[in-house]
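Here is a walk through one structure, from the overall outline of a chain down to single residues. Please keep the sequence and the 3D view open while reading.

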Amino acid sequence: MSLSGAWYIGLAAIVFTIGAIGLLVRRNVLIMFMCIELMLNAANLTFVTFARMLNDIGGQAIVFFVLVVAAAEVVVGLGIVVTNFRRRETTVADDLDSLKG
Amino acid sequence: MVHLAYLMLLLPLAGFLVLVTFGRRLGDPVAGVVGTVAIGGAFVVACFVLAGLFGLPDNGRVVVDNFFTWFQVGGLTVPVGTLVDPLSITMCMFITFVSAFIHLYSIGYMKDDRDYTKFFIYLNLFVFSMLLLVLADNLLLTFVGWEGVGVCSYLLIAFWFERESAASAGKKAFIYNRIGDVGFLLAIFLIFEKTGTIQYESGPGGGIFGQLHHLDGGVGLAVVLLLFLAAAGKSAQIPLFNWLPDAMEGPTPVSALIHAATMVTAGVYLLCRMNPLLHVTATGSEIIAVIGAVTAFVAATIACAQQDIKKVLAFSTVSQIGYMILAVGTGAYIAAVFLMVAHAFFKGLLFLGAGSVIHGLEDEQDLKRMGALRRYMKWTTVTFTIGFLAIAGIPPLSGFWAKGDVLDNTFAHFKPLWVLGLLTAVLTAYYMSRLETLAFGGKEERFKKEGPHGEPALHEPHESPWVMRLPLVVLAFFAFFAGALDLPWVHTDNLSSFLAPVFASTLYNDHLGGGAEWALALADIAAAVIGVIIGWWLWRGEVVYQPKLEPAFLQRVWYWDDFYDTIIGRPAQRLATFCAWVIDVRIIDGAVNGTAQLAKATGNAARKLQTGYARNYALGIAIGMALIIAFMLSRTWWG
């Protein structure tokens, strides 16, 4: 059996919403990171879905780029998190408010 | 030779440039010698030019040399050129001659001054500017010289600028002169507007004097009055005379050269130069004559009550220039020039004599602290006395002839002014006699005692060195004999016949008979003798503080300065205070600070957006994204 594209889009929307809400409500930087990954992958999922639905390989190709960028972003982001933890002994996002106006 | 006039300008300019460049290295006294030689050279050139001018026929003695065009704009062409005619060469002769000797005198007077070189730099620049003023062949170049002498006058009055009084006296002179300069500029504009040229004799349409018909009526009167305003500023006439007495803060040679002999007569020269224009309107000349006579009288009364030897001479200068202006107003231009020449000699001499006294008395200028100086300063006493008799109008010294010439013309022109002039002559003799008696006469040597406010007694005065005595002797000689330039019974080969072509059509000639002339001469002599005797009689004693003879009204210059202070000075100060504390602080600063406050308030409000919490920013992004999507969807569904 095969499911229609709408299911995949629906799943992607749910995952994206989980990621977005998680990003907004959680305080832990690592969790927030994971939420960002969720959102990215939800987006990837829509790309792939539409690629299949429209018979356009471009959507799948874009996903590779997103994965690469996401990997790079994780490297940088985790580097910042680790460095920050060493300096301030915290991974709570709300403690990092030195940019407050 | 008559085309050499430019050399007369270049020599002082060269002296100025050399002193500016190498002056400090030359130092005392070489710098002074260089300055003196430059001016002496200019005098020699002036002699050659004069000889060249004599070689021309009587009516052809106008030589205009144009060297180059200064600038050309629209219809206005301003050439740089010289105008040599009997009037300008007469001026040049006495300017260079008196200047050369005052330079020589300064070598002695300014000895050991810290700014010795600077003094001669200014002095040479002054002579250059003065000669430029006199020799220029157009109004604008004259104006350049006019401003040049003004600047030098300012620099030299404020020469000892560490003294507060000297600095403010310089500023006062400058500002009063500026008021006159505005008149000069407006006159130039008006003349150019009406005639299209600013050259005197040559140039398009025969110069200004060739187009006088454009300058009649109200315009002519306006131009004459504006030029007179300029003359009043430069020549210290009512209502702009107050700066000259204060100018005595400068070194004495400066007072002698600039504020007695040369610069202050520039106004008289300007009016003489513009004589065809003055003739266009009778009203202008009448106003000029009245103001001249009144100035002569007012300044003479003030001179009677001054304590400072130089102040007496300063008011005397104002008074004598009043005579010259009076002569110009009556159309007796030759009499004005004659008195100007004689005045340059005797007033230069009197100032140099006063300088010698001040030099000998350790810079004491108070007349009441002198007395019996004749025992200590024989040269100064004799030469100063000659100057005193000359200005008082005792025959046969120069002042008698020159002043007599002015008074005769005034008598024939308008008798009330003659009465005022004769009263002034009595006062002149009186205040000079008072000065002479207080300083040189009397038995008591008051400088040996303490001063009225406990000043210590002064050392015994000493006679000045020869560089200062020589100019005194030379000027005394000319102060004595300058009358021979223009004796009333000689009608050829004298100053009058030499100058007559310049004023050909405009000269007022008194047609007095021989009897009337004798009577007037006797009146002049009587005035002089009465004044001298009264002055000597009242001040010969040992009581030198006589308040009844020196009312505060006269000591305070008819409250003229206080009057200006009340109607101009204080309101201006109040306006300035208002501007400073209301307009500046409230309005201008308010606008500036208000802008800053606005930016600050905006920032304070906006900073609340920057919480520093990542989630808030993420929420912002999410909301923004939602809005964009909503917008796009709405476009899709309803677009």
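Two strands count as paired if DSSP finds at least two bridges between them. The model shown here is predicted, and in its chain B strand β1 (residues 63-73) and strand β2 (residues 76-84) are joined by nine bridges. The two strands run antiparallel. V73(B) stands opposite L76(B) of β2(B). Two residues lie between the strands of this hairpin, and G74(B) takes a positive phi near 60° there.

Chain B has 22 helices and two strands. Its C-alpha trace spans about 125 × 70 × 55 Å along the principal axes. Of the 639 residues in chain B, 52% are buried. Among contacts in chain B with a separation of 6 or more, 80% are between residues 24 or more positions apart.

Next comes a pair of helices. Two packed helices are described by the angle between their axes and the distance between the axes. For helix α15 (residues 398-413) and helix α16 (residues 415-439) of chain B, the axes come within 7 Å and cross at roughly 155°. Angles over 145 degrees count as roughly antiparallel, so α15(B) is roughly antiparallel to α16(B). From α15(B), the contact uses K403(B), L407(B), T410(B) and F411(B). From α16(B), the contact uses K415(B), L417(B), W418(B), G421(B), L422(B) and A425(B). Sorted by class, the residues in this contact of α15(B) with α16(B) are six nonpolar, two polar and two charged.

Most residues other than glycine have a negative phi, and most peptide bonds are trans. What is the peptide bond from I238(B) to P239(B), and what is its omega? That bond is cis, with omega near 10°. P239(B) sits in the loop between α6 (217-234) and α7 (243-246) of chain B. The bond from P395(B) to P396(B) is also cis, with omega near 5°. P396(B) belongs to the loop between α14 (378-392) and α15 of chain B.

E362(B) is not a glycine, yet its phi is positive at about 55°. D363(B) lies in the loop between α13 and α14 as well, and its phi is near 65°, again a positive value in a residue other than glycine.

Another loop residue is G513(B), found between α18 (495-499) and α19 (514-539) of chain B. G513(B) counts as exposed because it has 8 C-beta neighbours inside 10 Å. G513(B) and A173(B) are 340 residues apart in sequence, and their C-alpha atoms are 44 Å apart in space.

The last step is the contact between chains. How many residues does each chain bring to the contact of chain A with chain B? Chain A brings 10 residues and chain B brings 12 residues. On the side of chain A that touches chain B, five residues are nonpolar, two are polar and three are charged.

Terms used: Residues numbered from 1 in each chain as written. Chains lettered and ligands numbered in written order. Predicted model: local features only at pLDDT ≥ 70, side-chain atom pairs only at ≥ 80, totals over all residues. Helix = DSSP H or I, 4+ residues; strand = E, 2+ residues; numbered from the N terminus. Buried ≥ 20, exposed ≤ 12 C-beta atoms within 10 Å, placed from the backbone. Contact = placed C-beta atoms within 7 Å. Nonpolar A, V, L, I, M, F, W, Y, C, P; charged D, E, K, R; others polar. Axes fitted to C-alpha atoms, helices over the stretch in contact; angles between N-to-C directions. Parallel < 35°, antiparallel > 145°, perpendicular 65-115°, else oblique.
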